[in-house]
Amino acid sequence: MALNLTPLNLTDHDDKRPVVIAGPCSAETEEQVMNTATQLSKKGIKLFRAGIWKPRTKPGGFEGVGEEGLPWLNRVQKELGMKVCTEVATHAHVEACLKAGVDLLWIGARTVANPFAMQEIADTLKGVDIPVLVKNPVNPDLELWIGGLERINQAGITRLGVIHRGFSTYEKKLYRNLPMWHIPIELRRRCPGLPIFGDPSHIGGKRELIAPLAQQAMDLGFEGLIVESHCNPDAAWSDASQQVTPDVLDFILDKLVIRKITETTESLNALRGQIDEIDNSLIELLAKRMRISREIGEYKRQHDMTVVQTSRYTEILDKRGAQGVLCGMSSDFIKDVFESIHEESVRQQIDVMNK
Ligand code: PEP
Ligand code: MN
């Protein structure tokens with residue numbers, strides 16, 4: 001089903017920067033909200049985010065200040081002229097935001113994974129004209145994402161966009177949430193005209209990853225970014241490790257290269273995105289292989305065995321070489337790759353045996 005879309009019309013902005021929504025993960029105190037928003041506003045940010053209700057994995061964490069924080073957002077609107085947005089997950093959240101005049105709503109990844117919750121939000125939004133951004137669901141399910149968008153769209157919301165925040169995995173590696181770039185790329189193909197915001201903060205989970213992930217989003221032609229920024233990131237009550245000060249955010253935004261996306265570069269970038277993802281998987285697999293090598297090293301140490309057992313090594317090289325040829329690669333290339341892998345495996349085993 002095609003979505004019925006109209007432009008988000010959030011702010012007017014120059015082409016040098018994408019549309020940027022910035023602000024803390026959570027609104028904590030009135031002072032923290034005003035301090036952060038004032039600094040962001042001085043850097044030219046016009047759209048302020050702050051979570052009022054926070055979905056936490058376990059009970060007992062900071063679950064947001066709740067409705068008490070809405071008047072703080074009103075101060076940001078009135079005193080700084082910024083538009084404000086927050087996350088809604090229930091009927092009551094939407095009602096409270098509409099009453100408070102929040103300018104823009106986003107729906108969080110955990111909520112988008114739940115069709116009942118999405119329908120409840122959609123029903124509450126019937127007949128209301130407000131822009132809504134739908135995050136990807138926590139699980140990599142494009143249909144569920146599109147289904148959520150359709151529910152909100154069928155309620156009459158046409159100022160619709162999405163946020164790409166990555167997908168959760170059991171094993172936490174480089175990224176907090178895997179980007180799986182092919183999913184938003186496929187969403188773009190299925191729903192042309194739907195603005196996409198990159199969320200480098202939640203994908204990376206670390207400050208250092210914000211700049212490269214934001215650049216990647218720009219290279220894929222995403223329209224905007226939503227970035228967590230806090231006046232004192234280390235003291236943040238949630239997501240401290242992935243927030244940056246407004247100063248650092250401004251520096252990151254200044255360094256972004258915004259390219260003119262033509263059809264050809266767009267598909268080239270899509271392909272490069274796939275290569276990046278495959279390389280990440282290769283590195284993860286290699287790391288897994290090395291962990292097993294270390295376990296083998298431990299076994300050999302306990303049983304007084306030597307590290308290198310030549311027959312096993314020759315068998316690996318021959319078998320992998322033949323497999324490589326079957327998959328269209330030269331056996332020399334595969335042997336080179338496996339020689340290097342074997343060398344590192346041996347190094348890891350020796351490391352364990354010398355402990
Ligand atoms: C957030 O934006 O602070 C948030 C909770 O995000 P997500 O739903 O992507 O986890
Ligand atoms: Mn957060």
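Valine 337 lies in helix H13, which spans residues 331-353. The model is predicted. At 31% relative accessibility, valine 337 counts as partly exposed, because that class lies between the 20% limit for buried and the 50% limit for exposed. Val337 also belongs to a nonpolar patch on the surface, together with Met329 and Phe333. The accessible area of these residues together is about 230 Å².

Asparagine 9 is not a glycine, yet its phi is positive, at about 50 degrees. This asparagine 9 sits in the segment before strand S1 (19-23). Its relative accessibility is 59%, so asparagine 9 counts as exposed. Aspartate 304 is not a glycine either, and its phi is positive at about 55 degrees. Aspartate 304 is found in the loop between helix H11 (263-302) and helix H12 (310-326). With a relative accessible area of 74%, aspartate 304 is exposed.

The surroundings of ligand 1 were examined next. The shell around ligand 1 contains three nonpolar, two polar and seven charged residues. Among them are Cys25, Lys54, Glu87, Trp106, Gly108, Lys135, Arg165, His202 and Glu228. In arginine 49, a polar side-chain atom lies 2.9 Å from an oxygen atom of ligand 1. For alanine 109, a polar backbone atom is 2.9 Å from an oxygen atom of ligand 1. Arginine 110 has an N or O atom in its side chain at 2.9 Å from an oxygen atom of ligand 1. On its own, ligand 1 has 290 Å² of accessible area, and the protein covers 97% of this.

Terms used
Residues numbered from 1 in each chain as written. Chains lettered and ligands numbered in written order. Predicted model: local features only at pLDDT ≥ 70, side-chain atom pairs only at ≥ 80, totals over all residues. Heavy atoms only, no water. Patch = residues over 30% accessible without salt bridge, like charges linked within 9 Å, V, L, I, M, F, W, Y side chains within 5 Å. Areas by Shrake-Rupley, 256 points an atom, 1.4 Å probe, with all protein chains shown as cover. Salt bridge = Lys/Arg side-chain N within 4 Å of Asp/Glu carboxyl O. Helix = DSSP H or I, 4+ residues; strand = E, 2+ residues; numbered from the N terminus. Buried < 20%, exposed > 50% of the residue type's maximum accessible area, 1.4 Å probe, protein only. Near = heavy atom within 4 Å. Polar contact = N/O pair within 3.5 Å; in protein donor to acceptor, adjacent residues only side chain to side chain. Nonpolar A, V, L, I, M, F, W, Y, C, P; charged D, E, K, R; others polar.
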